[in-house]
Amino acid sequence: MFARALCAVDGTQGSFDAVEQAAALVGPGGHLTLLLVTSFRSEGEHRSPAIGPARAKRILDQAAAIANDAGVLTTVEVDPAAPPAHVIVDWAAEQDLLAMGAPTTPWFGGMFTGGATVAALGSLPAPLLVGRPAPGAHHILVASDGLDGSDQLVELAGRLAQAQGSATTLLHAVGHESGVIRQRIDEQLGKLQAAAGATSDVLFEAGSPRTVILETAQAAGASLVVMSSRRLEGLRTIGSVSRRVVHKAHCSVLLVPPEYLRAKFSA
């Protein structure tokens, strides 16, 4: 599903976790571009990079070693432009996947003043993998709302689970939906089981979607949450389920834009 991934590394453990997990998603036949945005502390004759050459080399060497251990081809890029968030989003436009470390800012303040990961959440130029340390076992939690586009999201999760030998849980936050939605969720479970095997189950949990997703992922020991995103902006981000999950989940999160799903699974 992801032949080419851009990994934005900055020396944090989260960015190295993102490299490791992106390498697993693209597989030995894929390619990783390791991008370090050094930027500049100030403009003018005596400007200097925010990340100096020696530290930049250490960061890139560590990231490249992680990718090489996974048997994935890599290209290393250093970009001194600014601001880093815009640079990373621009680089990601031609990729199948953008992998970054988890946000370090609190959820509410980070909606408006966050760093590169928060900026990527707003534009979502490609599917976004937000990396965190993985637990021992592979377990994918796919959050389906049962609406249009959710079939493709479940199919994507099934393919990822099949490739990685992961157990899967299909989760639906129960609200006031019709019986048609519940029937679609049951049909999605059948497709997930066909793709990922008998280690797939379904949960219908009452409550707000963001709370249900976070609590279920924690209880199930999920290593990855797969969900879609509507790219809410401004004050509407207060109601964004995907942003809340990205900030507060204990595990990695893969956000997939609806148009990516339509393009990949339209047939």
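Modeller: A salt bridge is taken here as a side-chain nitrogen of Lys or Arg lying within 4 Å of a carboxyl oxygen of Asp or Glu, and by this rule the count comes to 4. The model is a predicted one, in which local features need pLDDT of at least 70 and side-chain atom pairs count only at pLDDT 80 or more, while totals for chains, interfaces and linings use all residues. Residues are numbered from 1 along each chain as its sequence is written, and side-chain values use heavy atoms, with hydrogens and water left out.

As background to the pairs, side chains of opposite charge can pair when their charged atoms come close. One of the salt bridges joins arginine 4 to aspartate 96, with 3.7 Å between the closest N and O atoms. This pair links distant parts of the chain, since arginine 4 belongs to strand S1 (residues 4-8) and aspartate 96 to the loop between helix H3 (84-92) and strand S4 (97-101), 92 residues apart. Helices (H or I, at least four residues) and strands (E, at least two) are DSSP runs numbered from the N terminus. For burial, a residue is buried under 20% relative accessible area, exposed over 50% and partly exposed in between, with a 1.4 Å probe and protein chains only. On that scale arginine 4 is partly exposed at 38%, whereas aspartate 96 is buried at 15%.

A further salt bridge, at 3.5 Å from N to O, brings together the side chains of arginine 184 and aspartate 148. Arginine 184 sits in helix H7 (residues 179-196) and aspartate 148 in the loop between strand S6 (139-143) and H6, so the pair ties together parts that are 36 residues apart in sequence. Here arginine 184 is partly exposed, with a relative accessible area of 24%, and aspartate 148 is exposed at 72%.

Glutamate 155 and arginine 159 also form a salt bridge, their closest N and O atoms being 3.0 Å apart, and both lie in helix H6, 4 residues apart, about one turn of the helix. An α-helix has 3.6 residues a turn, so residues three or four places apart point the same way. Both partners count as partly exposed, glutamate 155 at 36% relative accessibility and arginine 159 at 37%.

In H10 (residues 258-265), Tyr260, Leu261 and Phe265 are buried. Viewed down the axis of H10, its buried residues fall within an arc of 100 degrees, so they line one face of the helix; the arc is that of the directions from the helix axis to the C-beta atoms. What covers these buried residues includes helix H6 (150-164) and strand S10 (252-256), while the face of H10 turned away from its buried side carries the exposed Arg262 and Ala263.

From its first C-alpha to its last, H1 reaches 20 Å, close to the 20 Å expected at 1.5 Å a residue, where the expected span is 1.5 Å times one less than the number of residues. Glycine 27 follows H1, with a positive phi near 80 degrees.

With contact meaning heavy atoms within 4.5 Å, residues 24 or more positions apart account for 78% of the contacts with a separation of 6 or more.

Confidence is the last matter, expressed as pLDDT, the predictor's confidence in each residue from 0 to 100. The mean pLDDT of the protein is 85, and 86% of its residues reach 70 or more. Over residues 107-113, however, pLDDT is below 50, and this stretch has 18 contacts in the model beyond near neighbours in sequence. Residues 232-239 likewise stay under 50, and the model has 17 contacts for them beyond four places in sequence. Where pLDDT is low, the predicted coordinates should not be read in detail.
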